[in-house]
Amino acid sequence: MRYHYVTVTQQMEIAHCAWCGRAFAVSGGSGRKARYCRRSHRQRAFEARCLAARMGLDSGEALVDAAALCRLRDRLYVLESALDDVEADLRGRPAPEEYRRAFQHLYAAAAPLRDSCVEPSAVLSRDAAHRP
Ligand SMILES: [Zn+2]
């Protein structure tokens with residue numbers, strides 16, 4: 001008996017989720033491209049568009065939690081301050097140890113941003129009119 005093997009190669013492309021912005025792999029076929037990294041994000045985007053429409057938001061406007069926005073602003077301020085510190089510390093001819101300390105300082109300031117996410121409860125993005 002002879003076997004014939006067929007290899008199906010599916011090209012994958014990288015897209016960014018229309019809800020959370022994270023990169024995810026999508027098949028490069030001719031069908032409709034996925035816009036969300038997971039179903040729950042597709043659902044959240046749908047709910048946010050519906051709420052935005054009920055609230056009469058204009059294209060490009062979003063409703064976000066005020067406390068979450070304040071937390072994000074605080075973390076960005078910490079990062080901005082750390083950048084100022086590092087720029088001042090690395091003027092001239094810094095020693096390798098100063099670069100190491102600068103990196104640690106920046107990392108400590110940037111790390112809390114990794115898990116920072118401000119998701120809108122209502123949003124009508126500028127390209128919402130083109131969404132299916
Ligand atoms: Zn997502």
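Q: How many helices and strands does the protein chain have?
A: In this predicted model, the protein chain has three helices and four strands.

Q: And what pattern do they follow along the sequence?
A: Reading along the sequence, you get β-β-α-β-α-α-β.

Q: What box do the C-alpha atoms fill?
A: Roughly 70 × 60 × 20 Å, taken along the principal axes.

Q: OK, burial next. What share of the 132 residues is buried?
A: Buried residues make up 7% of the protein chain.

Q: Does strand β2 lie largely in the open or is it buried, and why?
A: Strand β2, residues 23-27, lies largely in the open, because zero of its five residues are buried.

Q: What about pairing: are β1 and β2 parallel or antiparallel?
A: Antiparallel: strand β1, residues 12-16, pairs with β2 over five bridges. A15 stands opposite F24 in β2.

Q: How many residues sit between β1 and β2 in the hairpin?
A: Six residues lie between the two strands, and G21 in the turn has a positive phi of about 85 degrees.

Q: Last one, contacts. Of those between residues at least 6 apart in sequence, what share joins residues at least 24 apart?
A: That share is 53% for the protein chain.

Notes. Residues numbered from 1 in each chain as written. Predicted model: local features only at pLDDT ≥ 70, side-chain atom pairs only at ≥ 80, totals over all residues. Buried ≥ 20, exposed ≤ 12 C-beta atoms within 10 Å, placed from the backbone. Contact = placed C-beta atoms within 7 Å. Pairing = 2+ DSSP bridges.
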